[in-house]
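Reader: I have a model open and would like to know what stands behind the words used for it. Could you take me through them?

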Amino acid sequence: MGNVLVITEHMKGEFQDISFEMLGQARKLANGGKCSALVFGSMKGRSSELGAADRVLCLGGSDDFNPEAYSSAALQVIQSESPDLVLVGSTSMGLDLAPVLGVSLDLPVISYCSSVETSGDSFEFKSQLYGGKMEVNSTAPKAVAMVLAGSYSAEAGKSGGSATAEDVTADFGSGKVKFKELIEPEAADVDITQSDILVAVGRGIGSKDDIEVVQELAENLKADLACSRPIVDAGWLPKSCQVGKSGLKVNPKVYIALGISGAPEHLEGMKSSSTIIAINTDKTAPIFDFAHYGMTEDLFDICEELEDSLS
Amino acid sequence: MKIAVLLKQVPDLAEELEVDDSGKALDTEYIKFKLDEYDEHALEEAVCLKEAGQASEITAIALDGDEVDKALFTSMAKGADKAIKIMGAEVEGSRAGASIFAEAVGTEYDLIMTGVQSVDDREGMMGPMLSSILKIPCLSVVTRVEGGDNGIVVHKEYFGGLMASFDVQVPAVLGIQAARQTPRYAPVSKVRQIQESASIEEKSLNGASETVKSEVTSMAPPTKTGGAKMLGSVDELVELLKEKGVA
């Protein structure tokens, strides 16, 4: 129904999956209009991978993401292309781009989108708010939408268009922000992305001392220990244990979530697990919509009883 | 370096949330509000900068609202030097929030720190919107800030523990994901003491009027997609774990 532009993301020479996910949906939404992808740096060389795009607009510039430079350049391209809809990932990079583009272009920004569809002459958005506890539907004829990773299949973004590469030029900002270097994560004792069984603990744990209880359960089940973001922020477990958007993506055979509410950021990292068992005292916790099995019990009671049953 | 920390009260997600009669917004009558967690991290990182001798003064700023005085006094108990409450503004959404905060901070601060996002910002994130209005740089998902001679060094987190560092000229806006350490706790006695000795400056601002360009049509808890099969006892759980080859 209109022209849709996707701002792609890449890291270390590879497009991130979110780029393909958005592109597949952009192709569907364009429905006769142009489906364009904006790429940065040397990714021009891989533009043919963006198969769902009609046009791949290649901006050049550095491969290293720079909030100021990328938003400044993207803004100029969008101003000259004036698409009806701009799709940006609800990611670390997207957070630096979408709100800035929205204000500069005087377009509404719609965050946390798990769905973007057309509805008459407008677009219709479904946003996951309040940690996934509420879904808000909204419409706008033109917008910048931030799409949650995992909302669409990446495969659809790889075919259907012609992916014709075009060079575009823009100014990359005034250099107030300078990229220094990438900082790799510290090597972990356990690589939870390789684990078959994970026992993951969230905010429901309440205190650092109680981590031991869950640790013991994990050992008894021959599982590795994982957690959600608040546990890492509190300094109770290392970053290498964190599952979710800013942490790791895991797909164990069994994922046991203890005291994890299931905010979209966490689900992004674990929803492909074969079997998800959630234990949470809050019966309205979003995790129960994604889990295969659930129990509304106190996690400590469960840990204790399991221990007794297993020994 | 003068720092402004922008704070916001958000619904406590531990509470049961309900939709109001309009079917488009949260029923806020009975819910409890608390300081946005990312904002707490923003304040903590600011206080750490001051303790390291890299910041001279911290001002906590919030819009008037439920329990805002308590949040501001608590911020002072944790290390903010001043507190400002913005009065008289009808603010809904991050875009309108960014406009009014832009008016409130002006060019007075070298660094504006706030939480990277909040659970209710449907209209984008306030920090980067504010930076766009002020025409200064913004970095989001920040986990560390260090003061330097000609600006600051900032760590931004991507995914899987991967980060990048940036040199940033001030003034700048930072959306904080996590402080370098767990946000400190202010004992009630200390908050009370501050309440008696310090005061909150009240600033009346109108804010720019914003044209609504996206319209909320409905709000509802997510449709249950079948969801989890609920287990009635630990015995059932043990059975299941055995079946899946775990126990």
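This is a predicted model: local features need pLDDT of at least 70, side-chain atom pairs count only at pLDDT 80 or more; totals for chains, interfaces and linings use all residues.

Reader: Let's begin inside chain A. What makes strand 15 of chain A mostly covered?

Author: Strand 15 of chain A spans residues 254-258, and five of its five residues are buried. Buried here asks for 20 or more other C-beta atoms within 10 Å. On one side sit A:Val254, A:Ile256 and A:Leu258, on the other A:Tyr255 and A:Ala257, and all are buried, so both faces count as covered.

Reader: How do you know that strand 15 of chain A pairs with strand 13 of chain A?

Author: Pairing needs at least two bridges. Strand 13 (residues 197-201) and strand 15 of chain A share five, in the parallel sense, so they qualify as a pair. For one bridge to look at, find A:Leu198, whose partner in strand 15 is A:Tyr255.

Reader: And what makes strand 16 of chain A a partner of strand 15?

Author: The test is again at least two bridges. Five bridges join strand 15 to strand 16 (residues 275-279) of chain A, and the two run parallel. A:Ile256 has A:Ile277 as its bridge partner in strand 16. Between these strands the chain passes through helix 6 of chain A (residues 264-270), and this β-α-β crossover is right-handed.

Reader: Now to the other chain. Which residues take part where the chains touch, and of what class are they?

Author: Chain B gives 69 residues to the contact and chain A gives 72. Among the elements giving two or more residues on the side of chain B are helix 4 (126-134), strand 7 (138-147) and strand 12 (215-220) of chain B. That side of chain B holds 36 nonpolar, 20 polar and 13 charged residues.

Reader: Why is B:Glu215 called partly exposed?

Author: B:Glu215 has 13 other C-beta atoms within 10 Å. Exposed would need 12 or fewer and buried 20 or more, so B:Glu215 falls in between and is partly exposed. This residue lies in strand 12 of chain B.

Reader: What does B:Glu215 touch in chain A?

Author: B:Glu215 touches A:Ser138 and A:Thr139. Contact means C-beta atoms within 7 Å, so both of these meet that limit.

Conventions
Residues are numbered from 1 along each chain as its sequence is written. Chains are lettered from A and ligands numbered from 1 in the order in which they are written. Helices (H or I, at least four residues) and strands (E, at least two) are DSSP runs, numbered from the N terminus. A crossover is right-handed if, with the strands pointing away from the viewer, the path from the first strand over the helix to the second runs clockwise. Two residues are in contact if their C-beta atoms, placed from the backbone, lie within 7 Å. Ala, Val, Leu, Ile, Met, Phe, Trp, Tyr, Cys and Pro count as nonpolar, Asp, Glu, Lys and Arg as charged, and the others, Gly among them, as polar. Lists of a residue's contacts leave out its neighbours within four places in sequence.
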